[in-house]
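Please open the structure in your viewer and keep the selection tool at hand.

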Amino acid sequence: MFFDKLKESFSNGINNVFSAFTKVDEDFLEELLDVLIMSDVGMITSEFIIDELRNSIKKKRIEDPDGVKEELKNILTNLLTFENINIEKNTVIMVVGVNGVGKTTTIGKLAYYFSNKKYNVTVCAADTFRAAAVEQLELWASRSNVQLIKKDEGADPASVIFDATVFAKEHNTDILICDTAGRLHNKKNLMEELSKMNRVVDREIGSFNKEVLLVLDATTGQNGINQAKAFAEATGVTGIVVTKLDGTAKGGMIFSITKELNIPVKFIGTGEGMEDLEVFDARKFVESIL
Ligand SMILES: Nc1nc2c(ncn2[C@@H]2O[C@H](COP(=O)(O)OP(=O)(O)OP(=O)(O)O)[C@@H](O)[C@H]2O)c(=O)[nH]1
Ligand SMILES: [Mg+2]
């Protein structure tokens, strides 16, 4: 199973509470709250979940722990459920995030995913910060046999994006995916550079839709919230990709990101390979960790 470790911490913690209590009372809810907080769900969101649970226990007169567990699953699933998270043809995707979270790898996986759907994919190497970044993307592009737009190392990343949008418009591209350099969300000049790239996309996008995917490393925990806020301010964020969900006990932050920022998780990364990307399915995710 992909989420073995996450499942272990989350579901063991919750099951322990369920087996230690025979009666659904305030102590029981307090214990559940503690488990959520310890699983990186965050204070605000954990309290929200427990409040919802308390209300529906009262409203539906649920008395047995099994019923409570089902209700908890429903609340968690609802929290993660958004309408229309699919990315359709005719979209420019900007991929943003802090250093090393898995942006370029995710683009490689996305290129493969959309190519399999017979979409005409172009990728844009707008991480011009170091030569190796372009080579890394080039390798991923060749694996899925998709077009790559690049410039020399050190080129203005906004100008690479410009070239890529021109190319996309002229060559029947269905999906243009732009890589960007990793940057700390609290570095003002780097975030401004990203805003500039975003403006170029807005200006040159033509009839394309725009999607900004923020990549978050599941192991980051609650700091992911701060990252999401800063990137949302710089470029707007329309979807989250949570990577490295294989092999971490953290990941509870998925709940707090969606709750606090109201941004859907659209994909999850479950490994380093080309196929290790899944369209996020809220119900399936909750069922697999509880
Ligand atoms: N286990 C696991 N590793 C991943 C996943 N996604 C990415 N990685 C690994 O994370 C490391 C960093 O990935 P990159 O794609 O280079 O990250 P990046 O965000 O592009 O990094 P910068 O461009 O330097 O900011 C690589 O070793 C990837 O193989 C995932 O879902 N699971
Ligand atoms: Mg990269």
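Select ligand 1 and helix α5 (residues 103-116), which gives the most to the shell around this ligand, with three residues. Helices (H or I, at least four residues) and strands (E, at least two) are DSSP runs, numbered from the N terminus. This is a predicted model, in which local features need pLDDT of at least 70 and side-chain atom pairs count only at pLDDT 80 or more, while totals for chains, interfaces and linings use all residues. Residues are numbered from 1 along each chain as its sequence is written, and chains are lettered from A and ligands numbered from 1 in the order in which they are written.

Next, display the 20 residues around ligand 1; Gly102, Thr104, Thr105, Gly182 and Gly269 come nearest. A residue is near a molecule if its C-beta atom, placed from the backbone, lies within 6 Å of it. By class, the shell holds two nonpolar, twelve polar and six charged residues. Here Ala, Val, Leu, Ile, Met, Phe, Trp, Tyr, Cys and Pro count as nonpolar, Asp, Glu, Lys and Arg as charged, and the others, Gly among them, as polar.

Four of the five residues of β7 are buried, so the strand is largely enclosed by the rest of the structure. A residue is buried if 20 or more other C-beta atoms lie within 10 Å of its own, exposed if 12 or fewer, and partly exposed in between, with C-beta atoms placed from the backbone.

Isoleucine 240 stands opposite valine 265 in β7. Strand β8 (residues 277-279) runs antiparallel to β7 and is joined to it by three bridges. In β8, leucine 277 is the bridge partner of glycine 269.

Now select helix α8 (residues 188-204). Its buried residues are Leu194, Met197, Asn198, Val200 and Val201. Seen down the axis of α8, they fall within an arc of 155°, so they line one face of the helix; the arc is that of the directions from the helix axis to the C-beta atoms. On the other side of α8, Lys188, Asn189, Glu192, Asp202 and Arg203 are exposed.

Key. Two strands pair if DSSP finds at least two bridges between them.
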